[in-house]
Amino acid sequence: MNECEMVHESGGNPIGDTKTPEDFGSSGCLRMPLSMVHAGETVRVCCVKGDDEFARHLATLGFVPGAGVTVVSRAAGDVIVEVKGARLGINRQTATKVVTC
């Protein structure tokens, strides 16, 4: 069972269907929270951990499965990212709940 499926089974909302790295053409990729991605790296959203309201909020900002996210900069755990053409600042707690691959 992958991390997105575990989130779904535990009652968290993965924002849509459960995806595996193969679904995005990058087999064998390492899943990690967005909070651990280095500045300059581009990753794909696998799922978002959290309740439905939180997941829907992030989905409206562009954090949906398969979306490319580039980390522009990081400071004290907070990150500035570019997703779907927009730059957003998110705090460490939120970045930890976005699972990337």
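These questions and answers walk through a predicted model of one protein.

User: In what order do the helices and strands run from the N terminus on?
Analyst: The protein has three helices and six strands.

User: Which residue in the turn between strand 3 and strand 4 has a positive phi?
Analyst: Strand 3 and strand 4 pair in the antiparallel sense over six bridges. They form a hairpin with two residues between them. In that turn, a phi of about 55 degrees belongs to alanine 76.

User: Which residue of strand 4 stands opposite valine 69?
Analyst: Valine 69 lies in strand 3, where it stands opposite valine 43. Strand 3 (residues 68-75) is joined to strand 2 (residues 42-48) by three bridges, and these two run antiparallel. Strand 3 also pairs with strand 4 (residues 78-83). There, the residue opposite valine 69 is valine 83.

User: How far is the charged end of lysine 97 from the centre of the ring of phenylalanine 54?
Analyst: A search of the whole structure for aromatic pairs finds zero. The ring of phenylalanine 54 does have a charge over it, from lysine 97. To count, the charge must be within 6 Å of the ring centre. For lysine 97 the distance is 5.0 Å.

User: What share of the residues is buried?
Analyst: Buried means under 20% relative accessible area. The protein has 101 residues. It exposes about 5,400 Å², with 50% of that supplied by carbon and sulfur atoms. The buried share of the residues is 39%.

How values were computed: Residues are numbered from 1 along each chain as its sequence is written. This is a predicted model: local features need pLDDT of at least 70, side-chain atom pairs count only at pLDDT 80 or more; totals for chains, interfaces and linings use all residues. Side-chain values use heavy atoms; hydrogens and water are left out. Rings of Phe, Tyr and Trp (its six-membered ring) pair if their centres lie within 6.5 Å; planes under 30 degrees apart count as stacked, over 60 as edge-to-face and the rest as tilted. A charge sits over a ring if NZ of Lys or CZ of Arg is within 6 Å of the ring centre and within 35 degrees of the ring normal. Helices (H or I, at least four residues) and strands (E, at least two) are DSSP runs, numbered from the N terminus. Buried means under 20% relative accessible area, exposed over 50%, partly exposed in between (1.4 Å probe, protein chains only). Accessible areas come from the Shrake-Rupley method with a 1.4 Å probe; for residues, only the protein chains shown count as cover. Two strands pair if DSSP finds at least two bridges between them.
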